[in-house]
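Dear colleague,

Here is the structure for your files.

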Amino acid sequence: MASLLVGRKFKVALVQLLVTASKEKNIANAAALVEKASKNGADVVVLPECFNSPYGTSYFPEYAEPLEGGPTSTALSQMAKSAKVYLIGGSFPERDSSTPTPRLYNTCTVWSPTGSRLAVHRKVHLFDIDVPGGQKFKESDALSAGNQVTLVETDYGKIGVGICYDIRFPELAMVAARKGAIAMFYPGAFNMTTGPLHWELLQRSRALDNQIYVAACSPARDTTASYIAWGHSTVVDAMGAVVAKAGHDEEIVYAELDPAAVASTRAAIPVTVQRRFDVYRDVSEEAAINVSAQ
């Protein structure tokens with residue numbers, strides 16, 4: 001397991017944005033709330049999944065844009081630079097035209113306080129479900145899947161990024177933690193079926209499994225939307241305890257993350273050095289990992 005570099009405490013802000021049908025309005029609202037979070041002392045700001053567009057397979061092609069030079073990437077860079085924060089830019093529908101047949105991805109970008117792009121995470125696990133009597137959805141009707149674990153070096157330590165359905169797969173967080181991450185950040189949009197069942201449970205599970213912080217940022221709930229988000233953006237500590245949680249309306253929820261608390265948790269309950277890789281495999285040894293440095 002990679003050594004844990006213990007950095008200083010930092011303040012995280014989860015921006016639970018009310019997403020509308022207007023990309024321009026969503027971006028402008030996000031910019032204002034990122035600035036507000038910075039003025040309230042946030043060092044790292046997180047936006048929700050599909051923060052610039054409604055969520056749905058019919059919307060992805062309509063709202064998709066290129067990663068390089070698109071209006072959303074340009075705006076995110078400006079937000080991070082203006083607010084002087086690390087910005088985990090939620091996600092947006094990305095159109096990649098580098099292949100003969102253009103592909104769409106659900107993509108999260110991470111930005112430095114100077115506005116430089118640090119990382120790109122394309123959603124690895126696509127949300128294809130059919131819950132009896134509940135939600136039916138198939139992201140793969142419109143989207144392609146990413147193929148890497150994403151880690152980012154920051155002034156506060158190494159962090160990992162996933163998107164929504166990625167949280168259901170423990171391997172992503174397991175690999176990130178074993179490679180030295182102190183926290184996982186998941187922009188996500190659980191719905192009114194899966195939200196009350198699993199939203200908090202999965203965050204606490206990933207935190208407890210790996211003795212790291214986990215933060216998940218949802219859009220605000222809009223009951224008039226075709227896809228209704230659960231809300232309740234949440235931060236969980238390395239002991240699996242909820243330390244901050246939003247309601248379902250638009251708001252910013254804050255929490256202090258202390259890398260030293262991760263180290264003390266691992267010292268008290270030392271599962272990180274008690275694993276039996278003579279009995280089972282270390283999934284981190286063969287993982288496809290993209291580590292982005294500043």
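**Pockets, cavity and a helix pair**

In the second largest pocket, helix α4 (residues 170–178) supplies the largest share of the lining, namely three residues. Please keep in mind throughout that this is a predicted model.

The lining of that second largest pocket is made up of V124, N147, Q148, V149, E171, L172, V175, V283, E286, A287 and A288. Sorted by class, seven of these residues are nonpolar, two are polar and two are charged. The space in the second largest pocket comes to about 160 Å³.

The largest pocket holds about 250 Å³ of space. Its lining consists of 19 residues, and those nearest the centre are V19, P54, Y55, A225 and Y227. By class, the lining of the largest pocket divides into 13 nonpolar, three polar and three charged residues.

How many cavities of 30 Å³ or more does the count give? The count gives one. The largest cavity has about 40 Å³ of space, and F127, C164, Y165, R168, A189, F190, N191, T194 and Y227 form its lining. Six residues of this lining are nonpolar, two are polar and one is charged. Y227 is worth a look in the viewer: this residue is listed in the lining of the largest cavity and also lies among the residues nearest the centre of the largest pocket.

Last, the helix pair. Helix α1 (residues 23–39) and helix α3 (residues 71–83) have axes that come within 9 Å and cross at roughly 15°. Angles under 35 degrees count as roughly parallel, so α1 is roughly parallel to α3. The crossing of the two, α1 and α3, is right-handed.

On the α1 side, the contact is made by K23, I27, A30, A31, V34, E35 and S38. On the α3 side, the residues they meet are P71, T72, A75, M79, S82 and A83. Taken by class, the contact of α1 with α3 has eight nonpolar, three polar and two charged residues.

Regards

Definitions and conventions:
Residues are numbered from 1 along each chain as its sequence is written. This is a predicted model: local features need pLDDT of at least 70, side-chain atom pairs count only at pLDDT 80 or more; totals for chains, interfaces and linings use all residues. Side-chain values use heavy atoms; hydrogens and water are left out. On a 1 Å grid over the protein atoms alone, a cavity is a set of points where a 1.4 Å probe fits but cannot get out, and a pocket is an open set with protein on both sides within 12 Å along at least five of seven lines; lining residues have an atom within 4 Å of a point. Grid points are joined across faces, edges and corners, and a volume is the space filled by probe spheres set on the points. Ala, Val, Leu, Ile, Met, Phe, Trp, Tyr, Cys and Pro count as nonpolar, Asp, Glu, Lys and Arg as charged, and the others, Gly among them, as polar. Helices (H or I, at least four residues) and strands (E, at least two) are DSSP runs, numbered from the N terminus. Axes are lines fitted to C-alpha atoms, for helices over the stretch in contact, and angles run from 0 to 180 degrees between N-to-C directions. Angles under 35 degrees count as roughly parallel, over 145 as roughly antiparallel, 65 to 115 as roughly perpendicular and the rest as oblique. A crossing is left-handed if the near helix is turned anticlockwise from the far one by less than a right angle, and right-handed if clockwise. Contact means heavy atoms within 4.5 Å.
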